[in-house]
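Student: I'm new to this one. Can you show it to me and walk me through it?

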Amino acid sequence: MKVLRRFKYYGLGAEDYTSVYEDVRQHNYEIVSNIYIWTFITFVTLSMVSLMLSPVRQAQWIYLIFAVITGIFLFIIHLSPSFTRRHVFCFSYVIFFILLAFGIVSSTVHSDSQAVVFPAMIIFVPLLVLHNMVGVGLCTIMTTVVFCIIVRYVKQPLVAYYDIYNAICFTFAGLLVHFLIQRNRMHGLLAMRDSRVLLEKYHSSRKELEIRASYDSLSNLYNRGTFILEMERMLSLSRQGYHVLGILDVDQFKRINDTYGHQIGDKVIIAIAEEISNVLSIRHTAYSYNSDVHPSGIENLAGRLGGDEFIFFIADQPSEKSLVQLLIKLQQQLALTNSDVPEGIQISIGLTVARQYTRSFDVLYHEADKALYQAKADPSQSICFYHSEKSEH
């Protein structure tokens, strides 16, 4: 049974055949779309030529009938491509029978001459259909049986004998050629499938590595390099607006690690990252160096520089006052008593405005770092702007 199943699918297993089934459908659709056009043109051409050549004029009605039949199906195919795709195997077998029927009729017109068209068709036509060996084999054998019955009654006994003999030989030869060629074609489709799978895995792995390389593993915020690239991109998108770069530092983070342990210190880093994301509306856009995955507009950014130091970029704030209120909310959320750090998490923030003449990250970072130093040096300040005496607690 296993051998028969593999024979049915041209040497493939049922699972392999199923995996390339859509490729088989696409192959047949391309074949169907082209073969109906060429068959229709051929029948129309034969009809016109038969008008000028008296020896074949009697076969004109054959060409006309088959041209009309083919033309009807060709009209359906071009009228509704989606319908054709859904029923592509039906259209495949229709053209299969049209051509073999033409071979039968053409080969039985002259009762005193041997068949020529049908043996040629029985070799050629099975190559057009890629479905399964059982379906193509049964249809081919059934057509040959019909041909043999017809020639038995319409042709002279000796001519009929040769026609039947040739039809049987050509049928098995045609099926053998069909199996060998379609087996190679199926293995080609299978190789293409494997290549697609490997390519998809490669792109998926590459994208995952790029994302991992772009984010800080503990906080899930951008790392330094990615933050700089994204911030410079944001600044290039917006030449106007109130944009601010900020650096956030945890007060007495060493004491937290020494008192509660490094595991609690890590939890503090995670808690700060989560609050930054929530309060500042950070969307954590998946970053890729080689694909355009960014939104078209400007957005807020956040990253971790290392240790207990964070960096953020806030875009299009209405005013300095609204920004300070937002950062006070961030401080208040972190200062709430929790089981890990009972006294709460205290932070200092240094800020600088991205003015038209200071759009370089290095310049802005230097300014924000000075403001942070000022905020940490003066106990009365926890939020400090560069070159500003305003502070909020």
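Tutor: Buried means under 20% relative accessible area, exposed over 50% and partly exposed in between, using a 1.4 Å probe and protein chains only.

Student: Where does the model come from, and what are the ground rules?

Tutor: It is a predicted model, where local features need pLDDT of at least 70 and side-chain atom pairs count only at pLDDT 80 or more, while totals for chains, interfaces and linings use all residues. Residues are numbered from 1 along each chain as its sequence is written, and side-chain values use heavy atoms, leaving out hydrogens and water.

Student: OK. Which side chain meets Asp 163 in a salt bridge?

Tutor: Lys 155 does, at 2.6 Å from N to O. A salt bridge is a side-chain nitrogen of Lys or Arg within 4 Å of a carboxyl oxygen of Asp or Glu. Lys 155 is buried too, with a relative accessible area of 6%.

Student: How many salt bridges are there by this rule?

Tutor: Eleven. One of them joins Arg 196 and Asp 23, at 2.9 Å from N to O. That pair links distant parts of the chain, 173 residues apart: Arg 196 is in helix α9 (residues 157–214) and Asp 23 in helix α3 (residues 21–52). Helices here are DSSP runs of H or I, at least four residues long, numbered from the N terminus.

Student: Is Arg 196 buried or partly exposed?

Tutor: Partly exposed, at 36% relative accessible area. Asp 23 is buried, at 19%.

Student: And what does Arg 233 pair with?

Tutor: Glu 230, with the closest N and O atoms 3.0 Å apart. Both lie in helix α10 (residues 224–237), three residues apart, about one turn of the helix. An α-helix has 3.6 residues a turn, so residues three or four places apart point the same way. Glu 230 is buried, with a relative accessible area of 1%.

Student: New topic: how do the axes of α4 and α6 cross?

Tutor: The axes of helix α4 (residues 60–79) and helix α6 (residues 88–108) cross at roughly 175° and come within 11 Å. Axes are lines fitted to C-alpha atoms over the stretch in contact, with angles from 0 to 180 degrees between N-to-C directions. So α4 is roughly antiparallel to α6, a term for angles over 145 degrees.

Student: Which residues meet there?

Tutor: Among them, Trp 61, Phe 66 and Phe 73 in α4, and Phe 91, Ile 98 and Phe 102 in α6. Contact means heavy atoms within 4.5 Å.

Methods
Helices (H or I, at least four residues) and strands (E, at least two) are DSSP runs, numbered from the N terminus. Angles under 35 degrees count as roughly parallel, over 145 as roughly antiparallel, 65 to 115 as roughly perpendicular and the rest as oblique.
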